[in-house]
Amino acid sequence: MRHGETAHNRDGLGLGREDAQLTDLGLRQTAAAVERLASDPVDHILTSPLTRAAAIARRLAERTGAPLQVRQELTEMDVGETEGLPFAEMRARFPEFIEAWRAANPADVLMPGGESLVQVAARLEPLVGELHAFPDASRVVVVSHNFVLRLLICRLLGLEIGVFRAFTVGLASVSTLSLRAGQASLRSLNDRSHLAGDPNERA
């Protein structure tokens, strides 16, 4: 599951490792997400340490009694000098980066002063192995961020990093995978149906 809305998300600002707080809408999204995830038994919860993700994980742990692990590798991509910048300013200040990022394969492109997609995927690789090693009947909830979750889904499915552009993981969305015998199958992607009752919800 991806975290709920922050002011950075709302206002179109770059967001990586800054510990941005949830907006009022983000808090409602968190409550709806917890209700959604707590509707079935939960065996393990893994979360990014950043508050916007950990808020969901901690409330879910309180509701379900499932053990909670804070995992540093689930921290969002380090976006370096683009942190907090409007996208128009990013384009103006870092035109060479933007051009490289928009190329067919941006996997090795470093964020200005930050990480590349390859580096994020490398720190996730041990976790991919751990998730495959859980018993088949286990229900594991992972709460994290945009780039991390898209790369994690790619790696679990055995896809190349560049495929991350082919799909979206929206705010407070749930994506579900089944892992068995070292193989993964995608059951749902970017499901936000649990947010439909909020009149302020954005598509």
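I take the bend at a residue as the angle between axes fitted to the seven residues ending there and the seven starting there, and I count helices (H or I, at least four residues) and strands (E, at least two) as DSSP runs numbered from the N terminus. The model is predicted, with pLDDT of at least 70 needed for local features and 80 or more for side-chain atom pairs, while totals for chains, interfaces and linings use all residues. Residues are numbered from 1 along each chain as its sequence is written, and side-chain values use heavy atoms, without hydrogens and water.

Helix 6. I found a kink of about 40° at E125, shortly before the proline P126. I also compared spans: at 1.5 Å times one less than the number of residues, the 17 residues of helix 6 (residues 117-133) should span 24 Å, and the end C-alpha atoms are 24 Å apart, so the two agree. Buried here (under 20% relative accessible area, 1.4 Å probe, protein chains only) are L117, V120, A121, R123, L124, L127, V128 and L131.

Largest pocket. I looked for open sets of points on a 1 Å grid over the protein atoms alone, with protein on both sides within 12 Å along at least five of seven lines, and took as lining the residues with an atom within 4 Å of a point. Of its 30 lining residues, R139, V140, S175, T176 and L177 are the closest to the centre. Strand 4 gives the largest share of this lining, seven residues.

Key:
1 Å grid on protein atoms, 1.4 Å probe; cavity = no way out; pocket = protein on both sides within 12 Å on 5 of 7 lines; lining within 4 Å. Buried < 20%, exposed > 50% of the residue type's maximum accessible area, 1.4 Å probe, protein only.
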